Amino acid sequence: MKILIVEDEAKTGDYLRQGLSEAGFVVDLARDGLDGLHLALEGGHDLVVLDVMLPSLDGWGILQTLRRSGRSMPVLFLTARDEVEDRVRGLELGADDYLVKPFAFAELLARVRTLLRRGRSPEAEVLRAADLELDLLRRRVTRGGQRIDLTAKEFALLELLLRRQGEVLPRSLIASQVWDMNFDSDTNVIEVAVRRLRAKVDDAFEPKLIRTVRGMGYVLEAVEPAPR
């Protein structure tokens with residue numbers, strides 16, 4: 001998912017870009033209202049995190065132009081102004097949510113994920129790799145036609161790996177996406193979860209789908225066997 005941050009305060013902008021990137025998003029950062037508007041109109045973003053007070057063009061002007069041009073991506077306002085009139089104005093112009101500075105990054109991340117889920121277009125109901133299938137609606141996993149029972153966290157972990165199959169996912173990204181926590185190198189919760197998931201979806205089947213990439217993370221991919 002692709003996110004645009006429009007924030008002129010350098011420290012806040014860099015902090016948000018780093019945090020959202022580490023959470024697995026593709027992030028663009030604009031530090032000026034006109035640059036932000038150009039990127040929002042042309043960049044194909046799934047969500048905009050928009051400061052209100054900006055040089056050259058304020059957040060209200062950006063939002064108004066986006067909505068008039070037919071852009072419907074969710075917009076999360078960041079504002080140091082907690083007046084009711086300001087919040088009402090933003091919502092009336094088409095903002096989807098707002099967050100008052102200072103804020104906790106965990107709250108911003110939760111709101112971003114909620115807005116993206118709300119605005120997501122219809123997607124495949126079943127994710128597949130080789131003979132492994134994950135049914136999102138029925139919350140069911142099968143491999144080779146055999147039902148596999150997973151815990152909620154194991155299901156979320158497998159869903160993440162399947163959605164991004166072929167991509168090496170670092171432990172920090174898995175921690176933020178599945179456990180909604182910052183990765184602590186002293187904990188082995190991710191290694192244990194991956195080991196348990198492998199035991200259920202890989203141990204009794206071929207080909208093996210989940211691999212560890214040493215020093216980098218984990219990847220799920222259906223690798224075709226080499227010809228003999």
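In the predicted model, Thr 142 touches Asp 131, Leu 132, Glu 133, Arg 147 and Ile 148, leaving aside residues up to four places away in sequence. Thr 142 belongs to strand β8, which spans residues 140-143. With a relative accessible area of 18%, Thr 142 is buried, because the cut-off for a buried residue is under 20%.

An open sheet is formed by five strands in the order β2-β1-β3-β4-β5, and the pairing is parallel. The edges are taken by β2 (26-30) and β5 (97-100); each has a single partner strand, so one side of each is left without a neighbour in the sheet. From one strand to the next, the twist averages 20°. Within this sheet, strand β1 (residues 2-6) runs parallel to strand β3 (residues 47-51) and is joined to β3 by four bridges. Leu 4 has Val 48 of β3 as its bridge partner.

Two helices lie across strands of the sheet. Helix α1 (residues 10-22) lies across β1, β2 and β4 (75-79), at about 170° to β2. Helix α2 (residues 33-42) lies across β1 and β2 and runs at about 165° to β1.

A helix pair was also examined. The axes of helix α3 (residues 59-68) and helix α4 (residues 84-93) come within 9 Å and cross at roughly 20°. Angles under 35 degrees count as roughly parallel, so α3 is roughly parallel to α4. Their crossing is left-handed. On the α3 side the contact is made by Trp 60, Leu 63, Gln 64 and Arg 67, and on the α4 side by Asp 86, Arg 89, Gly 90 and Leu 93. By class, three residues in this contact are nonpolar, two are polar and three are charged.

Notes: Residues are numbered from 1 along each chain as its sequence is written. This is a predicted model: local features need pLDDT of at least 70, side-chain atom pairs count only at pLDDT 80 or more; totals for chains, interfaces and linings use all residues. Side-chain values use heavy atoms; hydrogens and water are left out. Buried means under 20% relative accessible area, exposed over 50%, partly exposed in between (1.4 Å probe, protein chains only). Contact means heavy atoms within 4.5 Å. Axes are lines fitted to C-alpha atoms, for helices over the stretch in contact, and angles run from 0 to 180 degrees between N-to-C directions. Angles under 35 degrees count as roughly parallel, over 145 as roughly antiparallel, 65 to 115 as roughly perpendicular and the rest as oblique. A crossing is left-handed if the near helix is turned anticlockwise from the far one by less than a right angle, and right-handed if clockwise. Ala, Val, Leu, Ile, Met, Phe, Trp, Tyr, Cys and Pro count as nonpolar, Asp, Glu, Lys and Arg as charged, and the others, Gly among them, as polar. Two strands pair if DSSP finds at least two bridges between them.
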